[in-house]
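Here is a briefing on a predicted model. Please read it alongside the sequence and coordinates.

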Amino acid sequence: MPKNQPPAAARRRRRATVVAVAAAGLLLSGCGPAEEGPPVLTWYINPDDGGQAALAQKCTADAGGDYRIEVTLLPSDASSQREQLARRLAAGDTSLDIMSLDPPFIPELAEPGFLAPVPADVAQRTTGNTLEGALAGAMWKDELVTVPFWANTQILWYRKSVAEAAGLDMSGSVTWDQIIDAARDQDKHLGVQGARAESMTVWVNALIESSGENIVTNPEATADEVRLGLESEAGRKAAEIVSTIGREGLGGPGLPTQAENESMLQFQGQRGSFMVNWPFVWPATNAGVDAGNLDASLIEDIGWGVYPQTVEGTPSAPPLGGINLGVGSESRNPELAYQAIECIVSTENQVEYFVTNGNPPSDSTAYDDPSIIEQFPMAETIRESLDQSAPRPQTPYYNEVSTGIQQNWAPPSGVDPDTTPKNTSDFITEVLRGERLL
Amino acid sequence: MTTTTGPRAEARRSRNQNQKIVLSDRRRAERRLGWWLAGPAFVIMLLVTLYPILQAVWDSLFNFRLTAPDDRGFIGLKNYAVILTDPVFWNGLGVTLLITVVTVVVELVLGFALALVMSKALKSVRGWLRTAILVPYGIITVVSAFAWFYMFDINSGFVNSWFDWVPGIGEETNWFAGTWTSLFVIMASEIWKTTPFISLLLLAGLAQVPDELTEAAKVDGATWWQQMQRVILPNMKAAIMVAVLFRALDAFRIFDNVFIMTGGAYGTEVLSLLAYRTSIGRLEIGLGSAVSVLLFICVLLICFIAIKLFKVDLAGTRGGK
C-alpha cells in the first residue's frame, strides 16, 4: 500500500478486490464442467400435449442412473423443425442426441451422413412389429436410418346422415368420384386441404400413390437426374379430382387457405359431409362436445373408413405421417441415445402416448391394447390405413418437390388437368437443375 | 415565393469556415479522444455488419447447399444470372415496390394529418393523444400481423360479418385467397403499425417551423392552405424527406406481415421472403446469398436516389434552417 494512501481508501480498495474476485469466481463457475451425475441426453421434440416430456421422465427413471433425458422444444410446423435441425446438424452440433423427425425429411439428413447409424441389434428389436408404411418412412437406400416412434395416417371421416342420404355403402371402400357426387348433390362441403402448404403435397401424393404411381420415380437420384411421375394418367386423374373440388366450390369458400384444422372445423359445421384428415379429429371433436362448443349429436353422426380410392377397385394408398427418432452423427453418446430410444418406442410407451396424446403407434401389436380400442374406436381402421399407406417422396430434395407441388396445385380452382401436371414437372426439374428459383 | 432558411447554404458556409480554421492542439486532442471513444463501437459495427455482408457476397459466388457440403463449388455469377432471368424475382421485386410506394404515400398523408393534430392539440390532452397515437408502433410486428390475420381470416375473423354491407364483402370472402385482397390487408396492417413513426418524425419537423413565419403569413392574409403550401411544407422538406427515406427502406424490407398472413402465397411474395425461403427453407446458401445481395443493392439504390437525386439532407433534421 502506498504510504500516502489513507487507510479508509485502502480498505475500500481491498473490499472491492474481494468482491471482484468473488464475482469472477461465480461467473467462471458457470463455465466450468457440468454438474456431477449421469450423462444428459438432449431430445429435440416436436410440440405435443406433453407426451414426449412424460416419456423422457419415465425412461430416465427406468434407466437407473445410466442417463438422463432432457427435452428441447422444436418449432411448431414440420418445415421449421427441419430447418432448425438441418442447420444444427450441418454445424456439427453435439447436443443432437435424439431427434423427433418427420419422415419426408429423413433422406435429406441421412444422405450427407448427418444421422448416426442404427445399430443392427437395435434395429432388430425396435422394428419387429412395425407397420409396413411406418417402416418404409424410416429407411433410406434400403437401410434403417431412424427408429419408427409413432405413425400417422389420414382416414376418411364422414357424416353418417350425408352418406346415408347419398345411398353409399360405407362398410366398404368408396371413391373420390362418389364422395364428390354426394357432396355436390346435397350442397355440402368436402373436407380437403387446399392451402398452399405441406398438406397440399400430402393430398396430391396420396391421390397419385392410390393410382399405383409415384411423384418421384427414382428417389435416390442426384438433383439433376430426378425424374417425376406427374405427367401420367395418375397425375391427370389427381388433377381432375383437385380441380373439380376447387372449381365447383365443393371445398367451401375457405378452401384456398384451408389446412387440416380448418377442414375439421368445416366438417363439424352444418355443411360438413366427407373429410380426409388425421386422427386428431376424434379427440378434438370430443373435446369440443365436452366443452359445450359442439352439439353432442355430432359424435353419433361421425363415421370413419379407409382413405377414398382414386381408381375404383384399386386399394388407396393413404398419407403417412408420424415421427421417427434419429441420433445426430456428432452426438457424444450415440450408444446411450439408442438405448434411450429403445425405451421410448417400447410397445407399452406407444400405447400410453396414443391414449394420452392421440398419436397412433407404429407398432402393430399396440392396437390390440384394450385402452386404445376403448378410447379410439377407429383404431382398427387406423391400423389398416397405416398398413396400406405410402410415404411422400423419399428424396433428399423433398423440400423442392413439395414446394413445387404446392405452388402449382394451390389454389385447387387454378388446377388444369391438361397443363398442371406437366407444368409442375417442368418447374421442379428446372429448380432441381439450378436453373430456376423456387 | 417560398420562405425557407436555406439549410444547404448554411452548411456550405459552415464548411468554408471550417477549412479556414487551423486546428488548435486542444481541438486535435479532442478529436483524438473522440476517435478513441467511438473507435471500439465502430470496429464492432464493422464486425457485425460488414463481415456478414462480405461473407454473403462471397457465398453468392458458390453453388452451396447446406445439406450437401461436399458438392460446394465456385460458379462465379451464375446464381445472379439465374435470379435475374427468373420471373419469381421480378414478381417479388414488383410486389415489394408496390407495397413500398403505397404504404409510404398513405403513411405520409396520414402521418402528416396526425402530426398536425398532435401539434395543435390542447396542452391538457397532448400527452394522452401522443401516447394513443403511438400505441400501434409499440406493438411487435409479428403480434400485429397475427391480430390483422385473425381479424380478416374467413374462419375466425369478424371483418366479413361487420362489413357485409360493403359491396364485395360477405360471409364467404376469403381475403387471403387472392393477390389483391391479401395485399390490401398486408398494406393496411403495415400502414396502421408504422404511421405513428412517420407522424413523430413530421411532428419534429413541424416544431422546427418558426412561428414568426406562419404569423407573418397570417398577417399578410394567407389562407390555411397557402400557409401550408408556401410556409410550412417548404420548411419541413428535410424532415419529410428523411421520414420518406427511413420508411421506404423499412417498407422495402417488409417480411413479418407477409410471412404471417400468406407466407408469400398467391402472388404476395416479397424479396425478403424470397431470400429467407431460399437460404433458410431450401438451405441453398449460395443462391439465397445472391438474393440477399441483390436486396441489399436495391436498398443502397433507394438510399442513393433519395440522397443524391432528391437531396435528402440527413443532417438537416435538427432544423438546420
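Chain A holds 19 helices and eleven strands (DSSP runs numbered from the N terminus: H or I of at least four residues for helices, E of at least two for strands). The C-alpha trace of chain A spans about 105 × 55 × 50 Å along its principal axes. This is a predicted model, where local features need pLDDT of at least 70, side-chain atom pairs count only at pLDDT 80 or more, and totals for chains, interfaces and linings use all residues. Residues are numbered from 1 along each chain as its sequence is written, chains are lettered from A and ligands numbered from 1 in the order in which they are written, and side-chain values use heavy atoms, with hydrogens and water left out.

**Chain A fold**
- Of its 438 residues, 55% count as buried (under 20% relative accessible area, 1.4 Å probe, protein chains only).
- Contacts are heavy atoms within 4.5 Å. In chain A, 74% of those with a separation of 6 or more join residues 24 or more positions apart.

**Helix H15 of chain A**
- H15(A) covers residues 347-357, and its buried residues are Asn349(A), Gln350(A), Val351(A), Tyr353(A), Phe354(A) and Asn357(A).
- These buried residues pack against helices H2 (51-62), H14 (334-344), H16 (370-375) and H17 (379-388) and strand E6 (147-153) of chain A.

**Interface of chains A and B**
- 32 residues of chain A touch 30 residues of chain B.
- The two chains bury about 2,400 Å² between them, 54% of it on carbon and sulfur atoms (accessible area lost on being put together, 1.4 Å probe, summed over both parts).
- Pro253(A), Leu437(A) and Leu438(A) supply 26% of the area that chain A buries against chain B, more than any other three residues.
- Four salt bridges cross the interface (a side-chain nitrogen of Lys or Arg within 4 Å of a carboxyl oxygen of Asp or Glu).
- Glu400(A) forms a salt bridge with Arg282(B), with the closest N and O atoms 3.1 Å apart.
- H3(A) gives the most, with five residues.

**Asp59 of chain B**
- Asp59(B) lies in helix H2 (residues 25-59) of chain B.
- Asp59(B) is buried yet has no salt bridge; Arg72(B), the nearest side chain of opposite charge, is 4.0 Å away (Lys and Arg count as positive, Asp and Glu as negative; His and the chain ends are not counted).
- Beyond neighbours within four places in sequence, Asp59(B) contacts Arg72(B), Ile285(B), Gly286(B) and Ser289(B).

Note on methods:
Buried < 20%, exposed > 50% of the residue type's maximum accessible area, 1.4 Å probe, protein only.
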